[in-house]
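These are my notebook entries on what I looked up in the structure shown here.

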Amino acid sequence: MSVRVGAARVRALLVTLISFSVLAATTSGCAGGDDAWPRIVVTTNILGDITREIVGDEADVSVLMQPNADPHSFGLSAVQAAELENADLVVYNGLGLEENVLRHVKAARESGVATFAAGEAADPLTFHIGQEGGPEEQAGEPDPHFWTDPDRVRKAAGLIADQVAEHVDGVDEKAVRNNAARYDGQLADLTTWMEKSFAAVPEDRRALVTNHHVFGYLADRFGFRVIGAVIPSGTTLASPSSSDLRSLTRAMEKAGVRTVFADSSQPTKLAEVLRQEMGGDVDVVSLYSESLTEKGKGAGTYLEMMRANTSAMAEGLTGD
């Protein structure tokens with residue numbers, strides 16, 4: 001009798017364990033924990049936000065670059081490098097932006113992972129680096145900062161949707177297309193709002209000086225002139241010489257510019273040096289140019305970043 005009771009208890013225990021295992025496996029699959037769950041890896045946080053808007057809940061989107069990081073200098077851990085090679089799709093900027101990450105993207109591509117260079121597909125402009133009226137440096141090199149023009153982001157976002165539909169198995173293409181259409185409308189509204197905001201800037205004040213050359217696309221789209229940059233380069237990894245600063249101060253004085261826009265993720269020390277060079281009569285205005293912030297810190301999304309920058313630029317240039 002006791003033997004029969006013991007066997008019954010064993011059978012009951014086995015049934016319970018099997019049921020628990022099935023439930024755990026099912027739950028894990030729904031949470032994206034199994035190998036079949038679609039995975040997209042994005043290098044920069046600006047592109048990461050754009051991609052998440054398009055993908056929605058259809059796949060796991062992993063963003064490698066942390067908030068407030070510099071895309072020119074951030075690197076990957078061994079775990080993040082492995083993420084790239086295990087992805088269904090890798091979305092990156094390209095055009096030399098993620099300087100320490102591109103070799104890992106290349107390795108993922110060579111291992112068979114689909115990759116998409118958004119910057120290369122967004123009608124890239126070329127740099128015209130140097131101070132206005134002075135010699136250009138690096139002229140002709142592609143400018144990776146395409147996101148400062150929301151119209152180019154609209155094009156890139158549509159192409160990201162195409163890439164997801166083509167390369168990421170298991171997603172609902174209709175849902176992805178609907179997300180992309182909704183986001184496209186938001187980007188169109190952003191462009192209209194920026195046009196109205198910048199319309200208040202007089203023609204004689206539509207000149208930009210920045211910490212480094214990052215707003216060429218915005219200038220091209222909304223009718224500004226780029227006078228020069230404190231760091232006369234398209235990357236923050238460069239540094240200015242004393243002759244660069246003298247050349248810039250002369251260009252600013254000639255154009256009557258008294259405002260420098262500095263990246264919020266970079267120290268403003270160089271812009272402060274420029275202020276000293278010009279006798280202190282220079283305003284340094286902080287912008288979110290190359291990285292998003294944490295949520296709730298001023299630029300948690302691409303749309304929020306562009307609206308904050310537009311307001312700060314319009315105010316800085318008009319003196320309001």
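**Entry on the sheet.** I began with strand S3 (residues 89-92), which pairs with S4 in the parallel sense over four bridges; I counted two strands as paired if DSSP finds at least two bridges between them. Helices (H or I, at least four residues) and strands (E, at least two) are DSSP runs, numbered from the N terminus.

The model is predicted, so local features need pLDDT of at least 70 and side-chain atom pairs count only at pLDDT 80 or more, while totals for chains, interfaces and linings use all residues. Residues are numbered from 1 along each chain as its sequence is written, and side-chain values use heavy atoms, with hydrogens and water left out.

I then followed the whole sheet, which is open, has four strands in the order S2-S1-S3-S4, and shows parallel pairing. Strand S2 (60-63) and strand S4 (114-117) are at the edges with a single partner strand each, so one side of each has no neighbour in the sheet. Neighbouring strands of this sheet are turned by 20° against each other on average, direction ignored. Helix H4 (residues 102-110) lies across S3 and S4 and runs at about 150° to S3. For such values, axes are lines fitted to C-alpha atoms, for helices over the stretch in contact, and angles run from 0 to 180 degrees between N-to-C directions.

**Entry on H5 and H6.** How do helix H5 and helix H6 pack? Helix H5 (residues 150-167) and helix H6 (residues 173-198) pack at an angle of about 175°, and their axes are 9 Å apart. That makes H5 roughly antiparallel to H6, a term that I kept for angles over 145 degrees.

**Entry on charged pairs.** I took a salt bridge to be a side-chain nitrogen of Lys or Arg within 4 Å of a carboxyl oxygen of Asp or Glu, and the count comes to eight salt bridges. Arg 182 forms one with Glu 53, the closest N and O atoms being 3.3 Å apart. Arg 182 lies in helix H6 and Glu 53 in helix H2 (residues 45-55), so this pair ties together parts 129 residues apart in sequence.

For accessibility I used buried for under 20% relative accessible area, exposed for over 50% and partly exposed in between (1.4 Å probe, protein chains only). Arg 182 counts as partly exposed at 37%, and Glu 53 counts as partly exposed at 24%.

Arg 154 forms a salt bridge with Asp 184, with the closest N and O atoms 2.9 Å apart. This pair links helix H5, which holds Arg 154, to helix H6, which holds Asp 184, across 30 residues. Arg 154 is partly exposed at 30%.

Are Arg 152 and Asp 149 buried or exposed? Arg 152 forms a salt bridge with Asp 149, and both residues are buried.

Note on methods:
Parallel < 35°, antiparallel > 145°, perpendicular 65-115°, else oblique. Contact = heavy atoms within 4.5 Å.
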